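Work through the exercises below with the sequence and the structure in view. Try each task before reading its solution.

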Amino acid sequence: IYKRSMIGRNQSIISEFLLLGLPIQPEHQNLFYALFLAMYLITVLGNFLIIVLIRLDSHLHTPMYIFLSNLSFSDLCFSSVTMPKLLRNMQSQILSISYAGCLTQMYFFLFFADLESFLLVAMAYDRYVAICFPLHYTTIMSPKLCLFLVLLSWVLTMFHAMLHTLLMARLCFCAENVIPHFFCDMSALLKLSCSDTHVNELVIFITAGLILLIPFVLILLSYGRIVSSILKVPSARGIHKAFSTCGSHLSVVSLFYGTVIGLYLCPSANNSTVKDTVMALMYTVVTPMLNPFIYSLRNRDMKGAIGRIFKRKIILA
């Protein structure tokens, strides 16, 4: 199951881990394989479609859709970090993953999860400025500010993911190599380590507030100000327009933060592996798949872009 290189007399270093995957009965394996394969293909095609639409339609070259294209790219990559390995394991029953491969998967998992969190904050700020300061929107949300927010999101997530990966790389894994998960989850790896993990746990505790709680609070504050601004000018049409503009974003925020907070900040009392796995599936598989539907089916601009591109193709043909 795993390879060992001996160090000392009674210790060994694990060079491979064993991913147990999902708690699925053997007779249901093919059914769930087809289901997850379909979900992954929908995720890739849906998010790729959004990126292409924003790239091709000049009407969508606005701050909100610049953030959205980055979010779609993040969702596409976030799902691709775990799903191909999960599907391969389900089909071939080869459950092993190398030590280097595990750390690489952990790095990109943290990178794209953090990137989504920061991009959701940028999108919330964009909606806040658009609704609360409509006359100054183009001045405040300048191309330079949009580029700065996107680059800042990428740089911060890169350093955060690298920090945890380097801290994990210094740990030793001596005996147990079985990960009761479908990917190399950081908390699961810490439980397997035979080294002192206090530094890792302290850094996780500190950075969790910076990467998860602070962005979530900023999003709540942004929408709190939006609601307050709307209520100051009570108009049925204005309220409907404002909430329809923000509805898609609020749906994504609820899906992403609801599952992540439920999994990491509100753990179950009995430490249920099945519950943790299901919750992880929600934000690693379901959320990236639903985002294209939320933005394309509930967004007038996206539907208009699809119509314009199809008309352009018909005319050229």
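**Exercise 1: helix 1 and helix 2**

Helix 1 passes helix 2 in a left-handed crossing. Task: describe how helix 1 and helix 2 pack in this predicted model.

Solution. Two packed helices are described by the angle between their axes and the distance between the axes.
- Step 1. Helix 1 covers residues 29–56, and the angle at which this helix and helix 2 pack is about 160°.
- Step 2. The axes of helix 1 and helix 2 are 9 Å apart.
- Step 3. Angles over 145 degrees count as roughly antiparallel. Helix 1 and helix 2 are therefore described as roughly antiparallel to each other.
- Step 4. In the contact of helix 1 with helix 2, 18 residues are nonpolar, eight are polar and one is charged.

**Exercise 2: helix 2 and helix 3**

Task: find the relative direction of helix 2 and helix 3, and state which kinds of residue form their contact.

Solution. 
- Step 1. Helix 2 spans residues 63–92, and its axis comes within 9 Å of the axis of helix 3. The two axes cross at roughly 160°.
- Step 2. Because of this angle, helix 2 is roughly antiparallel to helix 3.
- Step 3. The crossing in which helix 2 passes helix 3 is left-handed.
- Step 4. The contact of helix 2 with helix 3 holds 18 nonpolar residues, four polar ones and five charged ones.

**Exercise 3: helix 3 and helix 7**

Task: decide whether helix 3 and helix 7 are roughly parallel or roughly antiparallel.

Solution. 
- Step 1. The axes of helix 3 and helix 7 cross at roughly 15° and come within 9 Å.
- Step 2. Angles under 35 degrees count as roughly parallel. Helix 3 and helix 7 are therefore roughly parallel to each other.
- Step 3. Helix 3 and helix 7 cross in the left-handed sense.
- Step 4. On helix 3 the contact residues include Asp114, Phe118 and Tyr125, and on helix 7 they include Pro215, Tyr223 and Arg225.
- Step 5. By kind, the residues of the contact of helix 3 with helix 7 are 15 nonpolar, three polar and three charged.

**Exercise 4: a loop residue**

Task: locate Asp196 and list the residues that Asp196 touches, not counting residues up to four places away in sequence.

Solution. 
- Step 1. Asp196 lies in the loop between helix 6 (186–192) and helix 7 (198–232).
- Step 2. With that exclusion, Asp196 touches Arg170 and Leu171.
- Step 3. Asp196 and Leu171 are 25 residues apart in sequence, and their C-alpha atoms are 7.7 Å apart.

**Exercise 5: a record and the model**

Task: what do the helix and strand percentages come to over residues 145–163?

Solution. 
- Step 1. The unreviewed UniProt entry places the feature "transmembrane region" at several stretches, among them 145–163 and 202–221.
- Step 2. Over residues 145–163 the chain is 100% helix and 0% strand, with end C-alpha atoms 27 Å apart.
- Step 3. For residues 202–221 the values are 100% helix, 0% strand and 27 Å between the end C-alpha atoms.

Methods: Residues numbered from 1 in each chain as written. Predicted model: local features only at pLDDT ≥ 70, side-chain atom pairs only at ≥ 80, totals over all residues. Heavy atoms only, no water. UniProt positions renumbered as here; feature names shortened; annotations may be inferred. Helix = DSSP H or I, 4+ residues; strand = E, 2+ residues; numbered from the N terminus. Axes fitted to C-alpha atoms, helices over the stretch in contact; angles between N-to-C directions. Parallel < 35°, antiparallel > 145°, perpendicular 65-115°, else oblique. Left-handed = near helix turned anticlockwise from the far one by under 90°. Nonpolar A, V, L, I, M, F, W, Y, C, P; charged D, E, K, R; others polar. Contact = heavy atoms within 4.5 Å.
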